[in-house]
Amino acid sequence: MWTNQKNIWKIRRNWNRKYLHQLHSKRLVNSLVNLIAISSSENPSIRPRNVNSNADIASTSHETRTLSTMTNSFASDKEKKVTEAAAIIQRSNIVCFDVDSTVIREEGIDELAAFCGKRNEVSRLTREAMQGSMTFQDALRKRLEIINPSQAEIWEFIRTHPSTLSSGLKEFIGYLRERNVEVFLVSGGFDCLIEPVADQLGIPSENIYANKLFFTFKGEYAGFDTNQPTSRSGGKAEAIAKIKARAAENDIITMIGDGATDLEASPPANYFIGYGGNIVREEVRNRSTYYITNFSQLINHH
């Protein structure tokens with residue numbers, strides 16, 4: 001296992017930009033996936049429902065994050081107006097973060113689907129939704145109906161699959177706290193999965209805008225709260241409008257995130273800073289005035 005890990009890091013360390021086209025080589029990618037699958041099979045904490053084979057295990061979050069991290073080690077040329085973005089943070093009174101692929105490296109609903117053995121079905125539905133065949137809320141409802149997570153499964157998922165904070169995030173939150181900046185988490189994910197992350201970062205539960213799951217008294221899945229703004233299209237902008245309504249008149253609000261729904265939350269947010277530390281979404285990067293790949297870039301050390 002250690003030999004495999006050394007090989008992976010050696011590849012990453014020596015990967016010169018002139019050979020970046022090799023990322024698309026089928027032989028190289030297959031070699032990486034095989035190495036990662038071997039490491040994953042030795043990890044006893046990964047026990048998704050209905051997943052038994054190495055091929056299934058290789059599709060889970062650990063390997064995806066590894067390949068994503070390797071790809072995005074070349075993201076420095078993606079950054080835009082980093083110095084100006086840091087200056088915006090200095091002027092901000094409130095900073096709102098997306099959670100999935102921004103505060104944390106994972107996508108919560110995808111990870112939960114994999115854990116419950118429903119990754120492929122949920123991925124297929126997500127692709128259909130992206131083609132405009134259904135509303136955001138309908139897509140969320142159908143994905144949850146496929147996953148059908150019990151309360152016990154949610155608890156077990158949280159226990160065995162703790163979220164991984166993005167690079168530089170914890171230090172950046174500390175920097176904001178020193179400057180008395182109020183921090184909010186605004187996510188289309190689920191509050192039960194986000195609360196452990198908020199606790200780790202010292203963010204109060206009242207500063208979380210996310211979807212809420214319902215369960216029966218037996219702990220069976222019973223739907224979600226459709227009244228939450230983040231459960232529908234345009235919900236993040238609606239959530240920030242609520243935050244703005246309770247803030248001081250001249251407070252400056254900055255939204256940080258990786259996705260199009262985050263970008264569309266400005267306005268009402270005064271500024272948007274795109275984040276590509278885990279995955280670079282080209283549409284968001286192209287439409288963003290400011291774009292970073294590590295939260296340490298927003299810390300002004302002067």
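Ser150 sits in the loop between α9 (136-147) and α10 (151-160). Beyond its neighbours within four places in sequence, Ser150 touches Phe215, Gly219 and Tyr221. Ser150 and Tyr221 are 71 residues apart in sequence, yet their C-alpha atoms are 5.2 Å apart in space. A polar atom of the Ser150 side chain also lies 3.1 Å from the backbone nitrogen of Glu153. The loop between α9 and α10 also holds Asn148, which has a positive phi of about 50 degrees although it is not a glycine. Asn148 is partly exposed, with a relative accessible area of 44%.

The mean pLDDT is 76, with 72% of residues reaching 70 or more. By element, β1 has the highest mean pLDDT (94), while helix α2 (residues 26-41) has the lowest (38). Over residues 1-75 pLDDT stays under 50, and the model has 84 contacts beyond four places in sequence for that stretch. Where pLDDT is low, the predicted coordinates should not be read in detail. In total the chain has 15 helices and eight strands, and 46% of its 302 residues count as buried. Of the contacts between residues at least 6 apart in sequence, 68% join residues at least 24 apart.

Next comes the sheet. Six strands form an open sheet in the order β3-β2-β1-β6-β7-β8, with parallel pairing. The edges are taken by β3 (208-211) and β8 (290-292), each with a single partner strand, so one side of each has no neighbour in the sheet. From one strand to the next the twist averages 20 degrees. At the β3 end, three bridges join β3 to strand β2 (residues 182-190), and Val186 stands opposite Tyr209. Although β3 is an edge strand, Ile208 and Ala210, which point one way from it, and Tyr209 and Asn211, which point the other way, are all buried. Further along the sheet, strand β6 (residues 253-257) and strand β7 (residues 271-275) run parallel and are joined by four bridges; Thr254, for example, has Tyr271 as its bridge partner in β7. Helix α5 (residues 82-91) lies across β1 (94-97), β6, β7 and β8, and runs at about 100 degrees to β8.

Packing brings several of these elements together. The largest nonpolar core has 32 residues, of which Phe97, Val103, Phe172, Leu176 and Ile256 touch the most other members. Helix α11 (residues 169-178) supplies the largest share of this core, five residues. Apart from this core lies another, of 18 residues, including Cys96, Val186, Ile243 and Ala247. Among the contacts of Ile256 beyond four places in sequence are Ile89, Val95, Phe97, Phe172, Phe272, Ile273 and Leu298. Helix α12 (residues 191-201) has buried residues too: Asp191, Cys192, Leu193, Ile194, Val197, Ala198 and Leu201. After α12 comes Gly202, with a positive phi near 75 degrees.

A few loop residues deserve a mention. Glu106, in the loop between α6 (99-103) and α7 (108-115), counts as buried because its relative accessibility is 6%, under the 20% cut-off. Its side chain makes a polar contact of 2.9 Å with the side chain of Thr164. Asn180, in the loop between α11 and β2, has a positive phi of about 60 degrees although it is not a glycine. In contrast to Glu106, which is buried, Asn180 counts as exposed, at 71% relative accessibility. Finally, the loop between α14 (260-263) and β7 holds Pro267 and Pro268. The peptide bond from Ser266 to Pro267 is cis, with omega near -5 degrees, and the bond from Pro267 to Pro268 is also cis, with omega near 15 degrees.

Definitions and conventions:
Residues are numbered from 1 along each chain as its sequence is written. This is a predicted model: local features need pLDDT of at least 70, side-chain atom pairs count only at pLDDT 80 or more; totals for chains, interfaces and linings use all residues. Side-chain values use heavy atoms; hydrogens and water are left out. Two strands pair if DSSP finds at least two bridges between them. Helices (H or I, at least four residues) and strands (E, at least two) are DSSP runs, numbered from the N terminus. Axes are lines fitted to C-alpha atoms, for helices over the stretch in contact, and angles run from 0 to 180 degrees between N-to-C directions. Contact means heavy atoms within 4.5 Å. Buried means under 20% relative accessible area, exposed over 50%, partly exposed in between (1.4 Å probe, protein chains only). A polar contact is a pair of N or O atoms within 3.5 Å; within protein, one must be able to donate a hydrogen and the other to accept it, and residues adjacent in sequence count only if both atoms are side-chain atoms. A nonpolar core is a set of buried Ala, Val, Leu, Ile, Met, Phe, Trp, Tyr and Cys residues joined through side-chain atoms within 4.5 Å. pLDDT is the predictor's confidence in each residue, from 0 to 100.
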